[in-house]
Amino acid sequence: MIDENRNQKSQLISALQQLAQSNNRSKRARLSEIFDDVEAALASGTTQKQVIAALGKKGLPFTLRSFETTLARIRKGRNTEQILTPASATPANPSAPVQGLTEVEQEGEASNTVIGDRIGVPAEKIKLIFTIVPAGKDVKKLFSALFDFHEEHNNCVLDTRAIIYKTPLFDRIAGTEHTLESIMADETDWKQKIIDAHPEREAKKDEISFYSWMKYNRGLAVPLTKDFDTVFSIIMGSGDKANKQTKKGVNHA
């Protein structure tokens, strides 16, 4: 049983890591991440075609029309609160017990989803996870319409602790032999190694740089692992009796 739980947890972590790193998120979500920079470039006189060319080189291709449409929608989302209705889009995988929300960066705009009796899944088996949430952001504000909808219909488990915060860790270790699990398993005292190498800092510049890099990765990995542990406990039903509390409304405000 313990091995089975570890396997399930490992699969969950792997899936959420892929979500966090994925370029398969919608173009709108990815453009939202750099929206302020795009607006600043346009305001400075850069043409839309120049911006589109720069985005294309970074793996985010747009036509002029799709760029204008997407930009307009993001602007509207920034300025207008979206209204969530039961007539929203159907989830891609309605039979899945866990529904993930991945476009949290679109600040102030709720992701639309149909949940509960419309897809024939019991409310206690639908557990929403908020991923790639910017640090310091309140999901209840980012998804206010979703929380209002849940409070009225009470047709899923909506726990505000089920959050995977956005982190630079995955980008830092991409293409290396390091993983979240290997970083957490490494008991090296990187801070001490930096101190020990300090007297020879000129000769050991590269080593100190690596030690500092690993130390920072460890600092990012600890809170991320706690996020995964919390989400796993909620999914497995051990998160402070989350399922029972669902019937009372939004959990853990």
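In the predicted model, Ser-44 is exposed, with a relative accessible area of 59%. The assignment follows because residues over 50% relative accessible area count as exposed. Ser-44 lies in the loop that runs between α3 (35–43) and α4 (48–57). From this position, the side chain of Ser-44 reaches the backbone oxygen of Ala-41 at 2.7 Å.

The protein chain as a whole contains twelve helices and three strands. Of its 253 residues, 38% are buried. The accessible surface of the protein chain amounts to about 14,700 Å², and carbon and sulfur atoms supply 49% of that area. Among contacts in the protein chain with a separation of 6 or more, 78% are between residues 24 or more positions apart.

Seven aromatic pairs are present in the structure. One of them is formed by Trp-190 and Phe-210. A pair of aromatic rings is described by the distance of the centres and the angle of the planes. For Trp-190 and Phe-210 the centres are 5.7 Å apart and the planes stand at 90°. The arrangement is edge-to-face because the angle between the planes is over 60 degrees. This pair links distant parts of the chain, 20 residues apart: Trp-190 belongs to helix α10 (residues 190–197), and Phe-210 to helix α11 (residues 205–235).

Phe-210, in contrast, has a relative accessible area of 35% and is partly exposed. Trp-190 and Phe-210 are also members of one aromatic cluster, together with Tyr-211 and Trp-213.

In soluble globular proteins, nonpolar side chains tend to be buried together. In the present model, the largest nonpolar core has 13 residues. Those with the most contacts inside this core are Leu-128, Phe-130, Val-133, Val-139, Phe-143, Phe-147 and Leu-158. At least two residues of the core are supplied by each of β2 (127–133), α6 (139–142) and α7 (144–153). The greatest contribution is that of β2, which gives three residues to the core.

Methods
Residues are numbered from 1 along each chain as its sequence is written. This is a predicted model: local features need pLDDT of at least 70, side-chain atom pairs count only at pLDDT 80 or more; totals for chains, interfaces and linings use all residues. Side-chain values use heavy atoms; hydrogens and water are left out. Helices (H or I, at least four residues) and strands (E, at least two) are DSSP runs, numbered from the N terminus. Buried means under 20% relative accessible area, exposed over 50%, partly exposed in between (1.4 Å probe, protein chains only). Contact means heavy atoms within 4.5 Å. Accessible areas come from the Shrake-Rupley method with a 1.4 Å probe; for residues, only the protein chains shown count as cover. A polar contact is a pair of N or O atoms within 3.5 Å; within protein, one must be able to donate a hydrogen and the other to accept it, and residues adjacent in sequence count only if both atoms are side-chain atoms. Rings of Phe, Tyr and Trp (its six-membered ring) pair if their centres lie within 6.5 Å; planes under 30 degrees apart count as stacked, over 60 as edge-to-face and the rest as tilted. A nonpolar core is a set of buried Ala, Val, Leu, Ile, Met, Phe, Trp, Tyr and Cys residues joined through side-chain atoms within 4.5 Å.
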